[in-house]
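Okay, thanks for making time, everyone. Let me put the structure up and then walk you through what I found.

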Amino acid sequence: VFSHVPRAPEIPIYAVMTACSKDPSPLKLNLGMGVYRTEDGKPLLLNVVRRAEEILVNDRTAVKEYLPITGLPEFNKLSSILIFGADSPAIKENRVTTVQCLSGTGSLRIGADFLAKHYHQDVVYIPEPTYSNHPNFFIAAGLTLRKYRYYNPQTQGLDFQCLLEDLGSAPSGATVLFHACAHNPTGVDPTLEQWEEIRRLIRCKGLFPFFDCAYQGFVSGNLEEDAHSVRMFVADGGECIVVQSFSKNMVLYGERVGALSIVCKNADVASRSESQLKLLIRPMYSSPPIHGAAIAVSIMKNREMYDEWTIELKAMRNRLMSTRQQLYEALLQRGTPGDWSHIIKHVGLFTYSGLSEEQVAFMTREYHIYMPANGRMNMAGLSLKTVPHLVDAIHAAVPM
Ligand code: PMP
């Protein structure tokens with residue numbers, strides 16, 4: 001009965017991963033999918049996560065009952081404190097509902113479905129460019145996608161004027177998706193002053209902000225500081241949606257740990273919104289898994305473990321910074337034509353290299369270096385040892 005089913009096109013970032021895994025060359029370098037790697041190119045498990053798992057394994061009272069539809073209550077409370085701050089008036093006034101979902105992806109999907117069902121305006125603005133999965137959530141929910149200009153290839157920085165122009169002409173009530181920090185794929189974030197200007201425009205025009213926060217801690221090394229954009233939009237008393245992922249900052253990718261928060265006008269609206277979120281979640285997966293959320297709770301509720309987490313997070317961030325610096329200096333030393341300062345200006349996991357699709361294809365073919373066609377490089381895939389190989393490839397790819 002399914003013989004008519006056509007083969008679906010490969011999802012580009014997975015195609016890059018597959019091609020890389022099939023390449024037998026010892027020189028190959030994987031700068032594709034946005035996952036953290038150690039200086040030795042190995043996947044990382046945080047020591048604090050290992051400790052949390054030991055506590056969980058040794059807890060003889062632990063059982064495997066279903067969680068509530070909205071997840072582990074303590075996880076929801078601690079996640080909302082992590083993003084909104086312990087002294088957030090919105091939390092104190094009980095006008096935030098936070099539900100545990102299947103990592104950032106699941107939270108984005110539930111958030112998009114909630115908008116489609118309960119929000120009056122179906123237009124959603126996403127930055128150009130953005131995380132390749134972003135359009136899918138809103139399209140799947142039946143919403144109308146539009147793009148706002150975000151990145152300027154000439155300056156390799158934020159296209160602030162065009163961003164303001166595009167959002168300034170958005171229809172009233174439109175949802176606007178923002179990356180809370182460490183924009184994927186560009187590594188370009190607005191400054192605090194620019195965020196303030198964006199906030200004023202959003203509130204003045206009655207647009208609705210939807211934050212995706214997948215890299216809290218990766219920009220400054222400080223969880224509080226990286227929540228700044230979101231907190232500005234909550235401090236003004238307005239409403240918003242915020243999606244959190246613990247995939248990157250707790251290195252819990254496969255555990256699928258994340259949360260969706262809706263900041264509402266008052267406690268009653270928040271409570272009614274939560275009741276509706278349950279109706280969206282129930283027919284999809286009924287309730288989320290326990291283990292990953294329990295790890296995050298163990299870490300976030302214990303001061304000493306929380307501190308250990310922040311130290312390990314900062315070490316990841318610092319390694320990314322020093323790799324950026326090494327790559328930048330090596331290109332300068334090599335005399336590779338072009339201004340490579342964006343490598344040290346971009347923040348988070350990625351550098352938007354500016355390399356063209358043809359240059360990327362050349363580097364893959366001749367140097368076994370793998371990255372998506374848009375030239376986004378996962379800085380965590382690089383190390384002191386592999387910088388020279390990447391520099392050779394870029395040098396050969398760029399016209400003299
Ligand atoms: N948002 C952004 C901006 C991302 O980069 C990612 C992961 N690449 C996600 C959401 C989703 O990640 P996860 O589902 O693992 O939390």
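Predicted model: local features only at pLDDT ≥ 70, side-chain atom pairs only at ≥ 80, totals over all residues.

The protein splits into domain 1, which is 12–45 + 317–397, and domain 2, which is 66–301. With that contact rule, 21 residues of domain 1 touch 21 residues of domain 2. What does domain 1 bring to its side of that boundary? Two or more residues each come from α1 (12–22), α12 (303–334), α13 (342–345) and β11 (350–352). The largest share is from β11, with 3 residues. By class, that side of domain 1 has 10 nonpolar, 8 polar and 3 charged residues. As for the domain centres, taken over C-alpha atoms, 29 Å separate them.

On the record side, the unreviewed UniProt entry annotates residues 28–394 as "domain: Aminotransferase class I/classII large". Over that stretch the chain is 46% helix and 16% strand, and the end C-alpha atoms sit 14 Å apart.

Now the ligand. There are 13 residues around it, and those that come nearest are Ser103, Gly104, Thr105, Ser245 and Ser247. Which helix gives the most to that shell? Helix α5, residues 103–118, with 3 residues. The shell counts 3 nonpolar, 9 polar and 1 charged residues.

Stay on Ser103 for a second, in helix α5. Its phi is near 60°, so a positive value in a residue other than glycine. Ser103 counts as buried because 24 other C-beta atoms lie within 10 Å. Val251 is another one to look at: not a glycine, yet its phi is positive, about 55°. You'll find Val251 in the loop between β9 (240–245) and β10 (257–263).

Glu128 to Pro129 is cis, with omega near 5°, and Pro129 is in the loop between β3 and α6 (134–140). Asn184 to Pro185 is cis as well, omega near 15°, with Pro185 in the loop between β7 (175–179) and α8 (192–205). As a reminder, most residues other than glycine have a negative phi, and most peptide bonds are trans.

Nonpolar side chains in soluble globular proteins tend to be buried together. Here the largest nonpolar core has 112 residues, and those with the most contacts inside it are Val176, Phe211, Val230, Met250 and Ala296. Helix α11, residues 291–301, supplies the largest share, 7 residues. Both domain 1 and domain 2 put at least three residues into this core. If you zoom in on Val230, setting aside residues up to four places away in sequence, it touches Ile83, Ala180, Phe211, Cys213 and Val242.

Last, a pair to contrast. Gly292 lies in helix α11, while Val123 is in strand β3, residues 123–128. Buried or partly exposed, then, for Val123? Partly exposed, because there are 18 other C-beta atoms within 10 Å, and buried takes 20 or more. Gly292 counts as buried, because it has 25 C-beta neighbours inside 10 Å. Beyond four places in sequence, Gly292 is in contact with Leu252, Glu255, Arg256 and Val257.

That's my tour; over to you.

Methods: Residues numbered from 1 in each chain as written. Near = placed C-beta within 6 Å. Helix = DSSP H or I, 4+ residues; strand = E, 2+ residues; numbered from the N terminus. Nonpolar A, V, L, I, M, F, W, Y, C, P; charged D, E, K, R; others polar. Domains from an automatic or database assignment. Contact = placed C-beta atoms within 7 Å. Core = buried A, V, L, I, M, F, W, Y, C linked by C-beta atoms within 7 Å. Buried ≥ 20, exposed ≤ 12 C-beta atoms within 10 Å, placed from the backbone. UniProt positions renumbered as here; feature names shortened; annotations may be inferred.
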